[in-house]
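Subject: Model for your files

Hello,

Please find the structure below. My notes come after it.

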Amino acid sequence: MRTILFIIQKEFLQIFRNKQMLPIIFVMPIIQLFVLVHAANFEIRSIRLDVNDMDRSQASQLLQQKLVAGDLFRIVNTSATAMEGRRSLAEAHADVALVIPHNFERELREGKNPVVQVSVDALNGFAAGVSQSYIAALVQEFNAEYLAAIAAAPRGGGQAAAIDLSSSFWYNRTMEYDIFMAPGILVVLITMIGLFLAGMNIVKEKESGTIEQLNVTPINRVQFIAGKLLPFWLLALGELSFGMVFVKLVFDVPFLGSIALVFAAAAIYLVVILSLGLLISTVTETQQQAMFIAWFIMVIFILMSGMFTPIESMPDWAQSISRGNPVAYLIEIIRRVLLKGAAAGDIAQQLWVLSGMAGGVLLLAGLRQRKSTA
Amino acid sequence: MRAFAGFVRKEFRHIIRDPRTLLILFGMPVIQLVLFGFAISTELRTSNLAVLDMSRDEVSGAILDRMRDSEYFNIVEDVGSEEDINAAMQAGRVKLGLIFGPGFAGRFSSGDGAALRIVTDAADPNTARLLQSYAAAIVRQFQREQLNAPETPGMRIRTALLFNPLLQSVYMFVPGLIVVVLMLVSALMTSIAITREKEMGTMEVLLVSPLRPFQIILGKVLPYLLLSCLIAALILVLSQTVFALPFNGSMLLFWVECLLFIFTSLALGIFISTVARTQQVAMMVSLAGLLMPTILLSGFIFPIENMPLPLQVIANIIPARWFLEILKGVMIKGLGIQQLWTQTAVIVFMLLLFTGLSIRKFNIRLQ
Amino acid sequence: MAENAKVITADKLTKRFGAFTAVDAISFEVGAGEIFGFLGANGAGKTTAMRMLTGLLKPTSGRAGVAGYDVFTQSENIKRRIGYMSQRFSLYEDLTVYENVRFYGAVYGLRSETLRAKIKAVLEELDLTHARNTLLAELPLGWKQRLAFSTALIHDPAIVFLDEPTGGVDPITRRQFWEMIYEQAERGTTIFVTTHYMDEAEYCDRVSIMVDGRIAALDTPRGLKQTFQAETMDDVFVRLVRGPKSSVEAGG
């Protein structure tokens, strides 16, 4: 135990003395939190419209006003021909091109169904889908309002609604995308620390030869692994605390569930990641190799984690693969606990799986860690 | 010239002798392409639904049948209270709930407005919004049919999805992947390779050799140039054969623009290596300063228009942002140089800038 | 001076890497308190042999014991009884003098009071007390090497293995270093040292010379010079290493 403490002390001394790595450890996360949350999200905040209004009537004006009333749509161009609209999509000046037909207003008043042509730049399939559904919703509102406004006058049309349909968006009433992303970004933060720093730390001792000196000492495997992993475990948990305060203050993420539960889950998760870092260090000789492998693993973990795109949207085989992805479990846990107020019982299964992974990878890494070579 | 050829041969050998790194360089884009093409999708598949039905009559039953028949919903729980829906969502078992108010059939036929509430798990706001709109559409459709209502008046929209009618994510990711890989190989690998030479002291040996300084740099970057082209070609071939991605523009323009971007990245890599003293610094600067922005701020995954203004401004100084627009234009939209000259001009400007800076830095170091 | 107790024994100790035999069935014994020089050209197998004795490398075959423990099965016991100073400088450059010594002392399980006393003694002996908070990276190489030696001795090991301890060090520091080695041997510590410098070989009680993985000669420096009828150890070494080749030339 005493030996472990001295190894930890030594690691901390080295971490805090490295003038190049220190900013990377402590400043990078802040930048990451800011940039990632703001850049890395699929929230559609702005859709640029190109409008070709052939009717130029009061109704067509109202439709345009309706569209830009929220902050979402912005008319960036008014074109005179359908070709022109297509061109602004091709050259990426606009995301959606509308063509409002002649006689738009007259047909509306006559109770007909004038057709507005909506062309969407679908290159980004997701954004296209969202724009489409936003427009559909706004058009529905427009129809209801416009028809109600003219209903009094010519035709007493619209029947009473048979179904009174209402919608509630739970856990995120204002539909803030930041709140959805923040837990994922916390996970990325601590994963970086675990995978990169821990892995590269041991490879660095290999590269500089100091590992030899350690290997002739009576330090045993458990002491070595504990002494090497604990500092980064603590560091990552410290970073998590920092990140939690940050997302609370800056993004006002609701903390519905138990914060202790989040830390407990993260503590188990970090054992998985740190052991993986250790495993990488046992199969690599240089920091460059270690970094490449860590990067490779991390990219795949994050892409398959459900951080950006729901795991449920993946095909079955990919879903099976993501069952082996620790990142997916922790993101799921944090989202459920913080945003939905899940209790330990609700996430028991995930916790068990993570614990199993932690035990397995640690054992594997421990077995591969040798003081002598064959 | 023979000395130069020998030097280039040595550089190639360095790369080929590290099969692990080579495997990652070629394997990474392939695996990512497969993931983006087959696994990662934003299109919704079947979502689980919980029902709280306070009426249990023929109308609510009919609506539930409609839900069941649609490809989007799978009714997994029939619960007794709103709290049960909450619990099911907390445990991650369902994504949305339908709450039928009391006396549903009666109010439906009398036109009193039978209450139906759609509750979605908006922890993921985008998915929630989509699910809500799908469910609402099914309900409205049902209502229209039941009431035998004549076509309601009001405008209709006809949507055309241009360039990617099936909304496949590969369309977006293939150009993005090419950009990231070119940046990774040309800038990151180059900067590390040259810095390693400095760190080991072998740069001094090369500098006193008959090789001219620009030959040394050229010899160092040539293998990476070739490697970049090979990987770009690999991605292109895979995207056409496996994913049937169309290629609507000019192949010549594609490669000219690729080379332009590769040269810009190489210049960046060289510039970093003139500043960094150790491999680790070169690595970190390349990762944080080049690769991260390329992935996050180029519009590869996340649309630039959705970012806050400061990030949009920063995005403009990232070469990848401009190159990505070019690639999308050439590959998918079939644009020619007439439409893409602005972006091309920006990249040429950056290329000249970084080359100039590197040469200055390098000369200072030599004196 | 050399007592009869044998603290290192090697019997046909062999290490093969694939088809290449780095150490080929070497046998020797080292007595307690002896300064045992282990010489050989680059690549002769010195470091490999030393790494096997210190438990860093698993031998392929043969037998060896260090401090009464078996190299094959009891390497962890051996590690408590030996000190090691590797060829590459291997204290932490980014830790201070004091932090390095304290770390290794603690790793060998020295208790607080003993540790404190030991650190004090080491720093005083090396005249480094004023520099206790200096980063290792800022010390001259000679000082670092002497510190590494003292650190290797912090737990009073029975045997200390030194792998080319004076490589790249100036002559004055080398002399000081050897004074430290003598002092330590006086106290009864066995010294197992590899070196390139033939003048250093003269300081050893006994010297073995390795050629191509085998021990080509083993005797006191005086005995070796007599056997090979050489003036200096340099000549002995050159004759042994060039030996086979010159005999071929002579025969042809």
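This is a predicted model: local features need pLDDT of at least 70, side-chain atom pairs count only at pLDDT 80 or more; totals for chains, interfaces and linings use all residues.

Residues are numbered from 1 along each chain as its sequence is written, while chains are lettered from A and ligands numbered from 1 in the order in which they are written.

Chain C has nine helices and 10 strands (DSSP runs, H or I of at least four residues for helices and E of at least two for strands, numbered from the N terminus). Its C-alpha atoms fill a box of roughly 65 × 40 × 35 Å along the principal axes. Of its 252 residues, 44% count as buried (20 or more other C-beta atoms within 10 Å of the residue's own, with C-beta atoms placed from the backbone).

The sheet is open, with five strands in the order β5(A)-β4(B)-β3(B)-β1(B)-β2(B) and mixed pairing (two strands pair if DSSP finds at least two bridges between them). At its edges stand β5 (163-170) of chain A and β2 (73-78) of chain B; each has a single partner strand, so one side of each is left without a neighbour in the sheet. Strands β3 (residues 96-100) and β4 (residues 114-121) of chain B pair in the antiparallel sense over five bridges. Within that pairing, Leu98(B) has Ile118(B) in β4(B) as its bridge partner.

Regards

Definitions and conventions
A residue is buried if 20 or more other C-beta atoms lie within 10 Å of its own, exposed if 12 or fewer, and partly exposed in between; C-beta atoms are placed from the backbone.
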